[in-house]
Amino acid sequence: GIERYHFKLSLAAKDPDLVSIVAANGRTVAGATADGIVIWDNNEFVFARRFPLTQPASAIAWHGDTLIAAVPGIGLYFFGDGDPQFVPENARDIAVVGDTLYVAAGVTGIATYDLRSPAPSLLSRVDAGERNFARIAASNQRLFATEFPDTVSVYDVTGATPVVMSRFKEPVQTIAADGTRLFISGTLFDQFGLPSETGAPIRVFDGASFVTDYRDLAGPPAKT
């Protein structure tokens, strides 16, 4: 299920729905389940709405009071006050910056959508057919897109269309962006697909330049 905690880590509320990812906009919390999206009111953490999906969402994000859900191989769903909107897209991951939506669309590249109108409109698509993007993170200066298991592409997004600046190798499964900085967490995999940890769970880059890392000295995680 999903649980809500106060800042002092005291349990405030919980819900039995099994969710894999969550997103909040301050007023509302959304969670992706195996068969759809569940939304809770954030004030009292009570159930508000449920939207069914034929496949699980791989990413969710808010644009104002509209929730955007990415479903790989199917498309983007926009859940707002009215009927949901749908845009066909191989949406594996998404990032919202202001009124702009960036989509990691696998081999169909990086898609950029304008969210200022009632219906999202496609602004550009770059690197289609050349890469296989799985994760994406963005700020108002940079966009970072990754390919499993260890390729990171850096784009300048200060212009009308994302422009590639550099690419580098780094184990990556999870990313986040802030300004020109990229935060990475990733695991090494050998030729047989067996994992090993890097010893630095969070690594920080400025563009493609390594800045620092945060090392876990607490020992292995507890098994569940």
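Reader: Which residue in β8 stands opposite Ala59?

Author: That's Ala70. Strands here are DSSP runs of E with at least two residues, while helices are runs of H or I with at least four, and both are numbered from the N terminus. Quick heads-up: this is a predicted model, where local features need pLDDT of at least 70, side-chain atom pairs count only at pLDDT 80 or more, and totals for chains, interfaces and linings use all residues. Residues are numbered from 1 along each chain as its sequence is written, and side-chain values use heavy atoms, with hydrogens and water left out.

Reader: ok, and what is the bridge partner of Ile60 in β8?

Author: Ala69. Altogether, five bridges join β7 to β8, which covers residues 66-71, and the two run antiparallel. Two strands count as paired if DSSP finds at least two bridges between them.

Reader: How many residues sit between the strands in the hairpin of β7 and β8?

Author: Two, and Gly64 in that hairpin takes a positive phi near 65 degrees.

Reader: And what about β8 and β9, how many residues between those?

Author: Three this time, with Gly73 in the turn at a positive phi of about 75 degrees. Five bridges join β8 to β9 (residues 75-79), again antiparallel. One of the residues involved is Ala70, whose bridge partner in β9 is Leu76.

Reader: So what's the strand order in the whole sheet?

Author: β7-β8-β9-β10, an open sheet of four strands with antiparallel pairing. β7 (59-63) and β10 (85-88) are at the edges with a single partner strand each, so one side of each has no neighbour in the sheet. From one strand to the next, the twist averages 20 degrees; axes are lines fitted to C-alpha atoms (for helices, over the stretch in contact), and angles between N-to-C directions run from 0 to 180 degrees.

Reader: Is β8 mostly covered or exposed?

Author: Mostly covered, as five of its six residues are buried. Buried means under 20% relative accessible area, exposed is over 50%, and partly exposed is in between (1.4 Å probe, protein chains only).
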